[in-house]
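Subject: Model for your attention

Dear colleague,

I am passing on the structure below, and after it I set out what was found there. Please read the notes with the model open beside them.

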Amino acid sequence: MLSQAVFRYNEAVKETSDNLLRRLPPVHRLLTAPAVSALAERLPPALLTESARAVLEATRKALAESDGTGAVPGEAELAARVAEEALRRATPSLQRAINATGIVLHTGLGRARLAEVARDALLEVADGHSLLEIDRETGRRGSRRDHVRGLLCELTGAEEATVVNNCAGAVFLAVTTLAAGREVVLSRGELVEIGGAFRMPDIVRASGATLVEVGTTNRTRLSDYTDALTERTGLILRCHPSNFALVGFTEETPTAELVALGRERGIPVMDDQGSGALIAPILLGLPGRKGSLRESVAAGCDIVTASGDKLLGGPQAGLMLGRKEIIERIARHPLARALRVDKFTLAALEATLRLYREPTRALAAIPTLRYLTRTEPELRRLAQRLRARLRAVLPADRFSVALMPESSQVGGGSLPGEDLPTVCVALRARNGSPSPDAIAAALRRHTPPVFTRIKADDILFDPRTLEPNEIAVIAEAVKPLASSE
Ligand SMILES: *Cc1c(COP(=O)(O)O)cnc(C)c1O
């Protein structure tokens, strides 16, 4: 009885939704509606048709789910939705954005910003043919590795160098080449997750190696390593836990001692540096950070890996530096071909590395380095300029715009306590409306989108990661708030 009643009820509902659906206009009618046909000159016909189909499909679905209670939108309303959908689809997805978060290496916002010469070099090879893999003396096939190998060796003191797609790829390739089917010895204090899907134990496992954990979370002595070595050990691995710090009762085996142990037992020692500084971190305002690429190479590591787009400030890449015999073995592995870098990366990386021949030039020309080393007076000046621009576009009775001493983060694996002092511009609506979340969302929807931080009731603009010409863009993005309710 009951089930029959339910069946009849469902049938009735189905009928009403079917009736509703029948009242939707067909695709071709929507395409001739004024809101849509006005776009026909600018947008491809197929894009408009697809958008109309998508809007009708979404409307049908909403009506079906409303169990016959939903209202059918009018034709003009549907046409407006189609136009909006078409414009959304016509907008590039990967767009330039403004980073007012103060996070210098913001992974979501594309990490390092390239130096001007790196950008120019990239455009140059994008625009024409290039000497990517050709020897201009002989006219024969050359190697793409040659463009950065010499520079990397010169700047780090390494015997040999190569580059792959990113540092995760470099670690994967190195562990696969040197230790697949064998054991990798790693301290429990370095079993790190760098972010996203990069977890050291997973990488080692995926490389076909077996992870042998040694020591404890806070202390790992040389004897812990010595005791773990067997005839199956393929690699002694060190990984910089770049996003957390161990404090208190800790002990770490010095890299030089690991190198001596590896030499004695004929086992390669690898140092995954991650952040990859070519200039001593203390000169970058990061006194808490240990090590630089040169230091690891000088300690005698057989292989050192690092990111191209962290503290180095170049394009996404995975640098591999070390002993000739080891790097060559790695570069010959079939996986190296799968992880190889493209010409754009090489062009940008070579140009970035060339700047490091004169460290003062690198500090001035590489945005990442410039942002890290910005002084308080410079940050204050930028903040004052931004404050003035925002005050000029926002009514003072509704919005408060003030300077606020704050701290910026390095990002891309920052150490706790590594915050850099800064001066932010704090913006808030005096009566709390729009809310900080609503303001942040509006700024993100602007073209170009502006990304900020929220702290309690304030939107913070951190000038650390801004170029002076971006201040006007932010003022433009903020303008609509003046007329908001
Ligand atoms: C960031 C990081 C990686 C991964 O580098 P990508 O270039 O993002 O692939 C690997 N190891 C360490 C120690 C890192 O800090």
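Helices (H or I, at least four residues) and strands (E, at least two) are DSSP runs, numbered from the N terminus. The model is predicted, so local features need pLDDT of at least 70 and side-chain atom pairs count only at pLDDT 80 or more, while totals for chains, interfaces and linings use all residues. Residues are numbered from 1 along each chain as its sequence is written, and side-chain values use heavy atoms, with hydrogens and water left out.

I begin with the backbone. P448, which lies in the loop between α19 and β13 (450–451), is joined to T447 by a cis peptide bond with omega near -5°. A cis peptide bond also joins S433 and P434, with omega about 0°, and P434 is found in the loop between β12 (420–429) and α19 (436–445). R111, in the loop between β1 and α6, has a positive phi of about 50° although it is not a glycine. For context, most residues other than glycine have a negative phi, and most peptide bonds are trans.

Next, the helix packing, where axes are lines fitted to C-alpha atoms, for helices over the stretch in contact, and angles run from 0 to 180 degrees between N-to-C directions. The axes of α4 (residues 45–65) and α5 (residues 75–90) come within 8 Å and cross at roughly 125°, which makes α4 oblique to α5 (angles under 35 degrees count as roughly parallel, over 145 as roughly antiparallel, 65 to 115 as roughly perpendicular and the rest as oblique). In the contact (heavy atoms within 4.5 Å), residues including L47, L48 and E50 of α4 meet residues of α5, among them L78, R81 and V82. The residues of this contact of α4 with α5 divide into nine nonpolar, two polar and four charged, where Ala, Val, Leu, Ile, Met, Phe, Trp, Tyr, Cys and Pro count as nonpolar, Asp, Glu, Lys and Arg as charged, and the others, Gly among them, as polar.

Helix α18 (residues 376–393) packs against α20 at an angle of about 30°, with the axes 9 Å apart, and α18 is therefore roughly parallel to α20. The crossing of α18 past α20 is right-handed. The contact is made by L382, R385, L386, R389, L390 and V393 of α18 and I471, A472, I474, A475 and V478 of α20, and by class it has nine nonpolar, no polar and two charged residues.

Finally, the largest pocket has a volume of about 1100 Å³. On a 1 Å grid over the protein atoms alone, a pocket is an open set of points where a 1.4 Å probe fits, with protein on both sides within 12 Å along at least five of seven lines, and lining residues have an atom within 4 Å of a point. Grid points are joined across faces, edges and corners, and the volume is the space filled by probe spheres set on the points. Of the 38 lining residues, R96, L109, A112, R113 and L114 are the closest to the centre of the pocket. β1 (98–99), α6 (116–127), α16 (359–365), α17 (367–372) and α20 (470–478) each supply at least two residues of the lining, which divides into 19 nonpolar, ten polar and nine charged residues.

With best regards

How values were computed:
A crossing is left-handed if the near helix is turned anticlockwise from the far one by less than a right angle, and right-handed if clockwise.
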